[in-house]
Amino acid sequence: MTFVGAKEAQTLKGSGDNGNVSSPPIDSREPHLVSDNFDIDIVIKVLNATIFSPIFVIFLPITFLSQTHSGHPAFILSCIWTGLICFIGIWNHIDRVYRSGGTWLFAPEKLKWDEQIVLITGGGSGIGALLAETLAMRNVSVVVLTKDPPKFETDNENIYTYICDVSDYKSVEAVAEKVREEVGDPTIIVNNAGVVKGKLLLDLTEEDVKDTFGSNTLAHFWILKAFLPSLLRQNHGHIITMSSVMGVVGAAQMTDYCASKAALISLNQSLRFELDNRYRTPNIRTTLLLPSFISTTSLFSKTVLPASRLFNFFCPPLQSHQVVKVIIDNLDSRESRIIRLPFYTNLARVINDSVGVVPSWMRDLLQRIAGADHAMKEYGPKPDAVQRLAIGRQSRPSAD
């Protein structure tokens with residue numbers, strides 16, 4: 001483990017979840033407003049701002065009453081709809097107030113960015129690098145931990161880059177001492193580092209499994225053990241846990257990745273209980289991100305998904321800047337949240353095996369439509385375990 005000073009080696013945008021992946025070519029196409037940007041998430045945003053918004057629907061009964069009479073079906077239905085939407089809005093408001101320690105009428109005080117030190121793991125490229133650069137331009141002190149030296153340099157002196165293998169506890173302990181001495185105690189922790197192998201279970205080596213769980217799961221524990229004590233002393237801070245929708249629903253050729261991300265969901269929930277009920281520090285917020293695959297990172301650059309416009313409408317790919325914007329907005333609001341991106345990932349809440357609401361045939365049908373079990377076919381060795389099995393069967397002499 002070595003230290004790279006802020007002026008000598010700092011980060012700019014890359015393309016992966018951690019520092020050991022390369023940058024894909026930049027897509028220079030001019031976006032087309034309809035085919036590139038219009039998807040179900042846009043529709044949901046419009047609906048949430050109109051017919052699903054309490055502020056909007058409260059005027060519907062008044063509008064219908066001005067045109068009809070109090071016994072008209074349109075007025076009665078508008079009253080029922082308004083009551084339902086307002087009830088859901090109040091329900092969600094109570095939940096938000098409870099999670100974030102606000103008041104009934106006022107949201108929590110906005111974050112004072114000039115007082116924050118943000119620690120980002122896997123910040124050598126991709127989402128981590130873009131987040132670091134964006135925050136640094138706001139004059140926020142950003143500490144980046146990356147396994148390999150960043151592939152780009154920046155003159156922004158608000159970024160402090162440390163070379164550290166976050167899957168190794170001793171390396172994290174050592175770099176934590178340097179961070180505290182040279183920058184200060186982080187107030188925001190973004191556990192973002194991660195790797196993808198994309199191999200069938202029988203193709204995974206012992207080192208593959210150790211690397212996946214070391215980077216995707218154990219690194220979260222080591223970072224928290226090193227930096228959580230300072231947050232507890234201040235009773236203030238925010239912990240961002242980057243999991244994945246693949247931690248909720250599985251897919252072929254992703255056994256190690258899905259299992260490592262599923263562990264983070266339990267980690268986030270258990271940590272929340274510890275902060276609230278044992279440490280008595282509710283002002284330390286926790287946010288769990290469950291995004292789908294991110295098309296602008298090289299972690300999933302070879303993923304193969306259906307290319308139809310209908311599929312892209314209902315299951316649009318994510319881009320790094322969308323995730324970064326959501327993270328910053330959430331930090332700014334100081335709310336503990338579970339964030340699912342894009343909208344279709346909410347479906348995973350009911351089709352996973354632990355809930356068991358959706359019948360198996362429907363779950364498997366959705367899996368086939370999404371092409372999830374063949375999305376990683378470009379990864380792994382060739383021939384892979386399936387192909388080797390097929391070759392073995394063909395070469396086996398028939399028993400007559």
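A salt bridge is a side-chain nitrogen of Lys or Arg within 4 Å of a carboxyl oxygen of Asp or Glu. The model is predicted: local features need pLDDT of at least 70, side-chain atom pairs count only at pLDDT 80 or more, and totals for chains, interfaces and linings use all residues. Residues are numbered from 1 along each chain as its sequence is written, and side-chain values use heavy atoms, with hydrogens and water left out.

**View 1. D353, R363 and D364 form a network of salt bridges.** R363 pairs with D353, with the closest N and O atoms 2.6 Å apart. This pair links distant parts of the chain: R363 lies in helix α12 (residues 360-370), and D353 lies in the loop between α11 (348-351) and α12, 10 residues apart. Helices here are DSSP runs (H or I, at least four residues), numbered from the N terminus. R363 also meets D364 in a salt bridge (3.1 Å, N to O). D353 is exposed at 60%. R363 is partly exposed at 24%. D364 is partly exposed at 29%.

**View 2. K325 and D329 pair within helix α10 (residues 320-333).** Their side chains form a salt bridge, 2.9 Å from N to O. The two residues are 4 apart in the helix, so about one helical turn separates them. K325 is exposed, with a relative accessible area of 53%. D329 is partly exposed at 39%. Side chains of opposite charge can pair when their charged atoms come close. The whole structure holds 9 salt bridges.

**View 3. Helix α6 (residues 169-182) packs with helix α7 (residues 206-234).** Two packed helices are described by the angle between their axes and the distance between the axes. Here the angle is about 35 degrees and the axes are 9 Å apart. Axes are lines fitted to C-alpha atoms over the stretch in contact, and angles run from 0 to 180 degrees between N-to-C directions. The crossing is right-handed, meaning that the near helix is turned clockwise from the far one by less than a right angle. Y169, V172, A176, V179 and R180 of α6 meet W222, I223, K225, A226 and F227 of α7; contact means heavy atoms within 4.5 Å.

**View 4. Cysteines C164 and C258 are both buried.** C164 has a relative accessibility of 2%. For C258 the value is 8%. The count of disulfides (cysteine sulfur atoms paired within 2.5 Å) is 0.

Key. Buried means under 20% relative accessible area, exposed over 50%, partly exposed in between (1.4 Å probe, protein chains only).
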